[in-house]
Each structure stands twice: as structure tokens, then as C-alpha cells.
2 protein chains.
Amino acid sequence: MSFFGRAARDLFNGSPASTSSKLLLLLTVSSGGLVAYSDSRSQPDEVPASIVNKNDGQKKKVVVLGTGWAGTSFLKDLDASMYDVQVVSPRNYFAFTPLLPSVTCGTVEARSIVEPVRNIIKKRDGEIQFWEADCLKIDAANNKIFCKANFDNNTVGSEEFSLEYDYLVVAVGAQVNTFNTPGVKENCHFLKDLEDAQRLRRTVIDCFEKAVLPDLTEEERRTNLHFVIVGGGPTGVEFAAELHDFLIEDLVNIYPTVKDLVKISVVQSGDHILNTFDERISSFAEQKFGRDGIEVQTGCRVVSVSDKEITMKMKPTGELCSIPHGLVLWSTGISTRPVVKDFMEQIGQGKRRILATNEWLRVKETENVYALGDCATIDQRKIMDDIVAIFEAADTDNSGTLTMEEFRAVVDDIIARYPQVETYLNNQHLGDLTDLLKDAMSEDKKEVDIEGFKKAIHLVDSQTTSLPATAQVAGQQGKYLAKCFNRKNQCKEHPEGPRRFAGPGGNRHFFTPFRYKHFGQFAPLGGEQAAAELPGDWVSMGHSTQWLWYSVYASKQVSWRTRMLVVSDWTRRFIFGRDSSRI
Amino acid sequence: MSFFGRAARDLFNGSPASTSSKLLLLLTVSSGGLVAYSDSRSQPDEVPASIVNKNDGQKKKVVVLGTGWAGTSFLKDLDASMYDVQVVSPRNYFAFTPLLPSVTCGTVEARSIVEPVRNIIKKRDGEIQFWEADCLKIDAANNKIFCKANFDNNTVGSEEFSLEYDYLVVAVGAQVNTFNTPGVKENCHFLKDLEDAQRLRRTVIDCFEKAVLPDLTEEERRTNLHFVIVGGGPTGVEFAAELHDFLIEDLVNIYPTVKDLVKISVVQSGDHILNTFDERISSFAEQKFGRDGIEVQTGCRVVSVSDKEITMKMKPTGELCSIPHGLVLWSTGISTRPVVKDFMEQIGQGKRRILATNEWLRVKETENVYALGDCATIDQRKIMDDIVAIFEAADTDNSGTLTMEEFRAVVDDIIARYPQVETYLNNQHLGDLTDLLKDAMSEDKKEVDIEGFKKAIHLVDSQTTSLPATAQVAGQQGKYLAKCFNRKNQCKEHPEGPRRFAGPGGNRHFFTPFRYKHFGQFAPLGGEQAAAELPGDWVSMGHSTQWLWYSVYASKQVSWRTRMLVVSDWTRRFIFGRDSSRI
């Protein structure tokens, strides 16, 4: 058997095969490895022979799409000497997106939060090639992608090219979700990338310059200075807070004639802003905004946006109301990019809303495509789908019942394989998974049969949650996947994942599944105050939290250069205020 | 007589009236002032009655067009409490343009060289209003300007407005001169303002990203990396030097595969680059560029530019040659903006190439419009035009001849009024104007008649030069004009200008004419070397001159904020290099 056969296999560890498996699997212990032969419709778990053999003697080709949080953290941790790595992204830099709202008002400069991708990759062992281009199409059947560079001015030579891959890492992020609301695309601002932030900054200044023009009525001035933020999530709230700070700290001095005409409104369809946060934070934010004069309109759904007005439906009454605006920021959620949508159609995920991967980040129904960050979601396997297999695996004496000892032997594997178990135990304030079983055991026999086992476990899957689309998740996924790519040889020899209860493959999964560790989240609220949700149900709010925010965000910068720039931007702002030049 | 009549008059000091004067002038000593009544075709020297009386009891309206070097230095020094000041400019900031070439490669950031106009004007006494708009038309007959604000997105309320002025200060700068060369507008970059510099920076990076794309031939890569600079003046030369530094200090590390394919060419129609500098500097620059591998092609006139090729005619042979390019910077000279051109038509200057002012910066053929900076040129009065009047004024005993004593009494006034005299004396290595007369005097009588006087003086006018279109000239003109505006009351009572030899008006001009003081000029040549032409025919070249450049440019910054930013940009570049992110 070839080295590459084994190497490739190890990467495609993880997912239990679908139940309608057609795989013919021969397991032999041969030169310390596993050999797999698959039929033409090979299983997700395995690598098709064509890929395995194509590059004999050459490094495997890894193509990475995107240089956001997921892609960059993958590249930073990947051992590039093991692969032939190519990166395709329409932007030749990584942007520290959590500071985007700060860029919109000049609290930090755009340049301070970017790091050229080529700087990041040149520090890696081995060579990584980067192409500044859009990926237009993934051809899953032929392991190929089609790209087009997109320059403002003319290029000599072709701008289109295609790349072949052995493994594809899709980390293209998501796009703004307009929910097909009429006029949003044409008349709203977004805050997904750096260009958005820069455009927003110019437009904020434009609104003020417009408002002070001669020959305008006060009503017209007020309209030009009405800033509407649709979506009360962290991005929208932080932009509102930044804008309010910019106004009271800087703009009142240079546009004194119109300072009293400014209005900031946050429109939220739910009942509270920051509704993914602890409710203490939501209400703290709402109270602070109330004191600052930022209007929060909850229970409002936007039905259309024109260049002059935004029309909303009040949820309780169903009543429509239109208000004139000077600027609308739309920050309500994300949707799948067309290139990913098309890929989903090809692999039979066409009916899904978002690309699904298994717990090892491999795209379902594919053998060699991984997806991470905002463009995908982990489709967590239900424990109830494997309940019979688990029971059988645990019932080592084939008695048809489980004793506590038998169950204890598989507890760790269950917890590693099904993270919802831990969440369920935490929520139920149970210390141990065996507690669940105890209740199900009959008093006398201290054993449980399959029906009893099902009954004990059946509520666990209710705790299956999908991960939020945040930088933190994407970064951890990139790091995790790089580690898997780097350690394929070790883990092939010594699988370190949980026991494989069901599906084809060896006795154990090669890797532990991806597990997200939540380090908390911040919501800067302006006026040098912030709110933070910290691990362990801690909540912190106020000025000291803002300083915590400063130190965390400074430490998280991708390079010493950007760290210095961001800190000096903050310092400059303290001393000189923000720059209101429209550039 | 009204206060305003006098006030206005004082401002319109200076220009001797044209010889075909129709002015009826009554000079009376009345309450210590001068009263002037003019007929309907009033003279340049005087203020039409309509303006004088219109604003009785109100402050005079001063409208300033432009916030470049001239406009900003005028605003910084103007006593705004004396006037009702309104400023119109399409940009709400002042940019330190000598650092524009540094912005093109990220040596300094765009934000570091701008200061919001509103920051500058809010520090002045009195209120200054600013409108971010283009001036579309000057209506000289009605003392009105028509403006249009120009925002990317929709404005609520009218974007068009008009302003009335009592005095108009035109400081709109100039535009690029393409000499009607086909394809230049469409296919070349310029370096006149900050947007140009930012666009150039992005395009430089684009050229490299294009050149490394897969599937290109080496020829195509070379073409994408051929940077052509048309014009060997300071701007073009500095861009070439910056680009070369960027290449060897930063880009070779991140685009290693194409580093040997880069070519920088400077195309110059004259025989040398930097031909406004001392020839020692020209040849130093040419030698340095030679060592750096920057190709300097002299004696080449560009006849057309397409998106892929630039076509030139070799001057000696007349031969045409076309070379492929990746980027062309066109920096060959300036021409008049359409709004100024239209204004020139209105006031009878339609046949001139550039707007002419008198030596006090007032636009010729107007009473209340001033022009400064690159948009205008001072039409220096020839001494020979006034030679008879000077002779008569000097000949106090009406003898028909001048003695040395008689001449000495007017020497200072002549030198103040006709700056070409001083230049002539310097060039002829003469210590004193009387030296000229000595030669003309007959041995015995020590007197000179009008013909002898003419003969002695007639070569002086050959030294009339026009001032270069530089920031230094514009800044000094703004400062000068502000001083005139501020001191009109004092100077009306106590005129401080030279004797008025010819034309209507009082005995003396109210103000001394504008006199440019040249503090030298720099040409940074890359590799931490610069050349400088210093006052007194000093020339300095090399590394120490670069440090002189750093200190002069740091000290000349408009605010402490920009000073700090520019210096920290330089420091950042020394430590971390330049940022190659395409934003």
C-alpha cells in the first residue's frame, strides 16, 4: 500500500458513514496500517483511489479559499513543508474584523488592523503560494476550482485560471443577508469588510457636510443626520456606540450648528438588542443607549428601504411606518455566498441553507473538502442515531443489558463524540453522565436494557446547538484543522479520537472532533464603557470592562506591527480626537 | 464718506490703472481719508460704489475658493473677526502635498498628511463657514459664485447653492496638463491629490498581484511590472525613487518570484531630469538612478498612451517607439481649471493661458477678486512701461535731467515696485541700482536725460520671471494676502507700499507688493538620499540631506497631530517596512 493512501486516509477520519453504506471495507493489519478499498461511490470516510494515487511521490496539493479568520489561522498553524499549499482570496490581507466598527469613525485606522497575507505566509516553513482572485466555481467532481483575478485596470495576460486540489479548504466567509428586503442592496451600508468600513466612514462625514449646506430647511438637515442601524446585534450596537462617541467627542466641535439635529436609531426585530448576550448585558446596553439619546426601536421589521426613507412594520400592531434617513447600516445576519451555494448543489446539499460539515470539519458528502468559519456549520451527529451501536459496543458481555461498569468504560468516548452530552449535563446540573443512567436502572438489578438506555439518553440531543458565526469560532476551527493536517502521520499510527461506535473505519476515530471553547464576548457601548460575557457565566460591565477590552484586543492582534498601530491609534484618539477628513 | 468705502478702497490698493483710464478721481482730505468716485466703468484700482455701499453696517463678505496651500495659509492668518468669511472646497481637508509621493508607496499614510479644514478654521477668531462643494461658476459681473456639493449618495435637500461676495479669493489650484495627448486621461495615473496617491498605491500592488498570477508568460509578467513615469520633474522623480525603495526594501521579500522582472522608466522630453534644479543635482540624480537601475529616457515626447502601450517620439531622430507598460504616471505640468477658464473669458483674459494678477495678487480687470497659488500668475509690470513717469517723479526740479541725488531718492521705491531690478542686479553682480546710472551719465555733467535713463534701465525687464507653481509660493501668497486683508485700516491711514509712479490712486501704494522668498527645494532620491537646493546657490546632496529633508518636512506640518503621525509613520517604516495590503 502506498504512503499516500494512508496519509490521505488519516485526514479523512471522523465521520461515521451514512447508514445506506455501500462500502466494501477490508481491514487488515498490514505494515502497521489500515488498507481501505472502496467502490466507485466511495464513502465520505475514505479517500477515492484517484486522489490517493495521482500525486505519487509528490506533495499533496492543498488549496485554501479565503484569508479571513478561518483561512488565516489555518495557514498560520499549518506545517507548509508537508503540502503544496495555494491560497486564493480576493483580498491580499487579513483584517482584524472585530475592530471594523472602530474603523467606521476613525477610532482606529483601516491600515492598523490589516496584515498582508504574504507577510503571514512568508514566515511559514515551506512555500505557500497566494493568488489575489475570486474563486468563481468549485468543481467537486474533478477536484478543481476556477478563479478570476479582479483588478480595476487592465491586466496583461489572462486573469482567469484554474487550480487542482487534493484537499480543498473552503473558508470564504458569508455575505450579508438582506432577506430579499426591497431596496436594501441599493440603499444600505454593510459592515462585513474593510471597504465597507471605509465607505461608512466617508458617508458619515458626508452626512454632516450635507447637513450644513446652505439653503436647507431644518427638516432636511435633520434627515441628513438621521443614522439608522438595522439589527441590534454586536456589530450594529457597536457602530451606534462609536458614532455617538464620534459625535459628542469630535463632531460637535466642528459642526456646532447642527449638533442638536443628530439622531441615531437602532431598529431591532426582536424584543431586545444584543439578544445573544446575557440579559443583564442587554438591559445595561438599552439603559446606556437611553441615557445617550440613542433610540432603540424593538419589535420592528424593516419591509423596504428607499434612498430617502426606511419603512418598517411594527410587530404588535402590524402598522407600517416610514421614517426619512441620512444613512442606513444593515447588519442583520449572514447568508451563503453564491460559489458555496453552487458547490452545495453539486454535492447534494442544495436544499440546505448553509454548508454542512461533520464534526471534523469535513464537508458532508465529500471526501476531500473542508469548510470552516462563517461559510459552514457543523452538523452535529445525534447520539440517538447511534444509540443501538453505542449500546452494543458498551455491552461487552453481550448480555442485552448494561451494568454501570460497562457504561463507565464508554462514557469518555461518548462525551468526546457527542458534545451535546456535556451541555445537557451542565444545564441539568448533573456531575456525571452515569447520573442519567442511575435513574433508569431498576432498583434491584442495577442494569439497564436498550429501551431503558434510550429513555435515559433521549433528551440529550435537545442540547445540540450550532456555533455562532464569530471570529473566535473561525479562528479555533482554522487552528484545529491545521493541527489535523500536521499530525496525520502520528494519528494514523496512534488514533487519538473517541471510539468509533458506528460506521466504517477503524476502531477509533483518528482525531478528536472539533470542540469550540468559548472565551467570552465583548460589546463596547461607547463612552469608555463596555459589557463582557466571560466564561463561567460571569458578566462584567462598565469602564473597567472597556480597559479589559483594550487589553484583550491589543493582545489578539495578528502581528507586533498591527499591535503597535492599534495602540498608537487609540493613544492618538485620546490626545487629538478622531480625524474628520473625508478621505 | 462711509467707513466701508474707505475700508474697501484700501484693499484694492496696488495696481496702477491702465493707461486708457476713464476715471474721474477727486482727492480730498476729508476726515483723514480719501474719497473716490468712479464712473460706471470703474477702474481696477477702485471699488465700485455698489460694493462699497451694499453692506453698510455689516461685515464684508469674503469667499475663499479652495483649501490647498494658498487657501489654507490665507485662512490661517486672516483675522476672521473682521470679515464674514465663507470657504468653498470640494475637499474638507488640507493635504500636505509635498508628501504625496511618499503616500503612493505607504512610506507615510494618507491620513497622516491631512488636517480637516474645520479644525483649522475653528481655531481662528471669529466664525468661518465652510461648504464642501465644487465652485462651478464665478459670476464676476454680479459678485456671485455658483456651487454644487458632490456626494456619492443621495442628499436630502438641494445640493446647489450660490454665494455672494464682496471679495473673492480664488485658490482652486490647477489641473493636470495632458497636452491633449490621446489616451492619457483614460490610461494614466496622476499625482495631484490624495485620491490620486491612494489609487496609485493600490495600483502598484495590483501590478505585483497581476504579475504573479498563474498561467502568465514571463513577457506578460514583465509588462505588468513595467512602471513608466512621464515627466522628470520633482514629482515624477520622487515617485520613481519611492517605488524603487518600496521594491528593494519590501516587495522583493513578498513577491520573490518576480523581483527580477521589475523595471522603472522615467521619460523626459528635455535633456535632463530635474531641469528646474541646479545641474549638479540633475546629474547627481541621473547617476543615482543609473546605479539603481531606473532607466532615464531623455529627449522623448509621448505621443499616445493605450491601456497596454505607451508610444513615444525620439526627439533627435523623430522615430516612433512603443513599449508595453503596467502603469503610467503622468506628471508633466499643469493647466487651468475650467471654472477659472470661464472666469477669464468673462473678464477679458480669455486669450491668456493662465489667470493674471497684479503684484498685489488682485486679478487684473477686476476690482474685488484675488487669485493665488497654482491657479494664477503674477503679471509683473515692466519698468519700461512706467519709465517716463518714474523719470518725471524723480526729476523733482523739473530740469529734464536726473542727478544722482534725485535718482537715489526713488531707488528704494523702484526696487520695491519692480522686483526684476533686484534679480538683474544680482545676475550682473552689481551692488546698487545707481551703478547702472553711473555708466549712463556723461563724464562732465553727472546727469542723465530721459533717453539716457531709458538706455540704462532697458535691460532690467529681461529678468522678469514668473514664479514656480509650488506649495512654497502658494503658502507665502496666502500669508501675504491675509496680512493685507488684516491691515487694511492701518495701511489706509499710513500707506506702506512704494511710491505710485503711474496710474490713479494716492501718492503711495497701500501695501508693498508680494515678494517671493525662495527657501530652497528638495528632491528625495531614494535609498535615504536627497538633493537640496538651498538659498544662496548652495547645493547639498546625499544621506545628510535626507535627514535635513526629514527635519524640514516634520517641522512644516500643519498641526502637532500630523507632525506626530508623519514622524511615527517614518519610524514604523524603519522598523516594520511598508504595508502591502491592497486597501
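Two residues are in contact when heavy atoms of each lie within 4.5 Å. By this criterion, in the predicted model, 60 residues of chain B are in contact with 60 residues of chain A. The two chains bury about 5,600 Å² between them, and carbon and sulfur atoms account for 58% of this area. On the side of chain B, Arg111(B), Val156(B) and Ile583(B) supply 15% of the area buried against chain A, more than any other three residues.

Chain A has 583 residues, of which 57% are buried. Its secondary structure consists of 20 helices and 26 strands. Among the contacts in chain A with a separation of 6 or more, 65% join residues 24 or more positions apart.

Two packed helices are described by the angle between their axes and the distance between the axes. In chain A, helix α3 (residues 69–77) and helix α17 (residues 471–486) have axes that come within 7 Å and cross at roughly 35°. The crossing of α3(A) and α17(A) is right-handed. From α3(A), the contact involves Trp69(A), Ala70(A), Ser73(A), Phe74(A) and Asp77(A). From α17(A), the residues that meet them are Ala471(A), Ala474(A), Gly475(A), Gly478(A), Lys479(A), Leu481(A), Ala482(A), Phe485(A) and Asn486(A). Eight residues of the contact between α3(A) and α17(A) are nonpolar, four are polar and two are charged.

A second pair of helices was examined in chain B. The axes of helix α12 (residues 387–394) and helix α16 (residues 450–457) of chain B come within 10 Å, with a crossing angle of roughly 120°. Because of this angle, α12(B) is oblique to α16(B). The crossing of α12(B) and α16(B) is right-handed. Helix α12(B) contributes Ile387(B), Val388(B), Ile390(B) and Phe391(B) to the contact, while α16(B) contributes Ile450(B), Phe453(B), Lys454(B) and Ile457(B). The residues of this contact of α12(B) with α16(B) comprise seven nonpolar, no polar and one charged.

Asn486(B) belongs to helix α17 (residues 471–486) of chain B. The relative accessible area of Asn486(B) is 19%, and this residue therefore counts as buried, the limit being under 20%. When neighbours within four places in sequence are left aside, Asn486(B) is in contact with Asp77(B), Leu78(B), Asp79(B) and Met82(B).

Technical notes: Residues numbered from 1 in each chain as written. Chains lettered and ligands numbered in written order. Predicted model: local features only at pLDDT ≥ 70, side-chain atom pairs only at ≥ 80, totals over all residues. Heavy atoms only, no water. Helix = DSSP H or I, 4+ residues; strand = E, 2+ residues; numbered from the N terminus. Buried < 20%, exposed > 50% of the residue type's maximum accessible area, 1.4 Å probe, protein only. Axes fitted to C-alpha atoms, helices over the stretch in contact; angles between N-to-C directions. Parallel < 35°, antiparallel > 145°, perpendicular 65-115°, else oblique. Left-handed = near helix turned anticlockwise from the far one by under 90°. Nonpolar A, V, L, I, M, F, W, Y, C, P; charged D, E, K, R; others polar. Buried area = accessible area lost by both parts, 1.4 Å probe.
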